[in-house]
Amino acid sequence: MKLKDVAEILKGKVVCGSEQIEKEVEFAFSSDLMSDVLTLQKDNVILLTGLANVQALRTAEMSDISCIVFVRNKKVNEDMLKLGKESGIVLIECSCSMFKASGMLFSNGLKPIF
Amino acid sequence: MAMHFEYKIEGGDFTRAGNASSQVKRTLKQLNVDPKVIKRVVVALYEGEVNIVAHAYHGEIHIDIDTEKIKLALIDQGPGIPNIEQAMEMGFSTATPEVREMGFGAGMGLPNIKKNSDKFRIESEVGVGTKLYIEVYINQ
């Protein structure tokens with residue numbers, strides 16, 4: 001699935017990294033706990049989270065996660081946007097709950113890590 | 001190739017937590033280190049950096065890179081760990097609600113650091129601080 005499909009399925013808004021939306025992704029992980037995200041071994045993963053702070057971006061950066069979807073209408077602030085641009089991470093905002101966003105992406109073919 | 005870097009970390013400063021790890025990641029990428037090795041190093045380093053910010057007053061990170069391995073030393077001045085064995089247990093945490101709000105504090109940091117390391121050593125003295133020594137080999 002392409003990142004632009006992720007945004008379209010969730011009716012999300014790409015707020016950072018729109019030049020990368022043709023990028024293909026295979027897996028998704030949904031969590032508000034960054035400690036869990038940091039234990040993932042897979043590549044080609046997007047993160048769905050309701051944790052809207054710079055540490056979500058730092059966690060993605062260290063884990064080679066190329067895209068974060070912020071669920072539950074959480075907004076990307078200035079600091080997050082700056083960091084997103086610096087580290088080349090695509091940021092998408094959407095109004096769905098974590099459960100709904102995960103379900104929609106799963107049923108459209110995005111795979112779970114485990 | 002032998003390189004040394006040092007970073008100072010302030011306890012409680014969550015806005016800057018991850019800056020050192022980010023810079024190390026950039027350096028390792030420039031040196032064309034295997035992305036899998038980079039990920040292990042920066043995940044371990046970032047967990048350690050978050051630990052210093054979450055628990056200590058301040059700390060230093062020393063990074064040594066040569067052709068064989070990447071050595072990390074994270075030395076903090078802080079409350080120290082009374083029971084290291086317990087701190088190494090998955091799920092044991094003394095993190096504050098503030099740390100948990102940042103997405104951490106689940107008692108997974110130290111075990112994850114160990115998992116990502118080829119060599120791992122921790123020393124701690126109550127009322128003085130904690131020292132973490134990590135090595136990751138570049139060529140497995």
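Which residue's side chain does K4(A) meet in a salt bridge?

1. That would be E22(A): the two side chains come together at 3.1 Å, N to O. Bear in mind while looking that this is a predicted model. The pair ties together distant parts of the chain, since K4(A) belongs to helix 1 (residues 3-9) of chain A while E22(A) sits in the loop between strand 1 (13-16) and strand 2 (27-30), 18 residues apart. K4(A) has 33% relative accessibility, so it counts as partly exposed. E22(A) is partly exposed too, at 43%.

2. Over all chains the structure holds 13 of them. In chain B, E123(B) pairs with R121(B), with the closest N and O atoms 2.4 Å apart. E123(B) is partly exposed at 33% relative accessibility, and R121(B) is partly exposed at 43%. Back in chain A, shared partners join K2(A), K4(A) and E22(A) into one salt-bridge network.

3. Have a look at D66(B) and K69(B) as well, whose side chains form a salt bridge at 3.8 Å, N to O. D66(B) comes out as partly exposed, with a relative accessible area of 25%. K69(B), at 18%, falls under the 20% cut-off and therefore counts as buried.

4. On to the contact between the chains. Chain A puts in 22 residues and chain B 25. Together they bury about 1,900 Å², 50% of it on carbon and sulfur atoms. On the chain A side, L38(A), Q55(A) and M62(A) account for 34% of the area buried against chain B, more than any other three residues.

5. The polar side of that contact: there are 15 residue pairs in polar contact between chain A and chain B, counting pairs with both residues at pLDDT 80 or more. Helix 2 (34-37) and helix 3 (54-62) of chain A are the elements that give two or more residues to its side, and helix 3 gives the most, with six. By class, that side has seven nonpolar, seven polar and eight charged residues. Two salt bridges run between the chains; one of them joins D43(A) and K39(B) at 3.8 Å, N to O.

6. Finally, helix 2 of chain B. At its start, a side-chain oxygen of D34(B) reaches to within 3.0 Å of the backbone nitrogen of K36(B).

How values were computed
Residues numbered from 1 in each chain as written. Chains lettered and ligands numbered in written order. Predicted model: local features only at pLDDT ≥ 70, side-chain atom pairs only at ≥ 80, totals over all residues. Heavy atoms only, no water. Contact = heavy atoms within 4.5 Å. Buried area = accessible area lost by both parts, 1.4 Å probe. Salt bridge = Lys/Arg side-chain N within 4 Å of Asp/Glu carboxyl O. Polar contact = N/O pair within 3.5 Å; in protein donor to acceptor, adjacent residues only side chain to side chain. Helix = DSSP H or I, 4+ residues; strand = E, 2+ residues; numbered from the N terminus. Nonpolar A, V, L, I, M, F, W, Y, C, P; charged D, E, K, R; others polar. Buried < 20%, exposed > 50% of the residue type's maximum accessible area, 1.4 Å probe, protein only.
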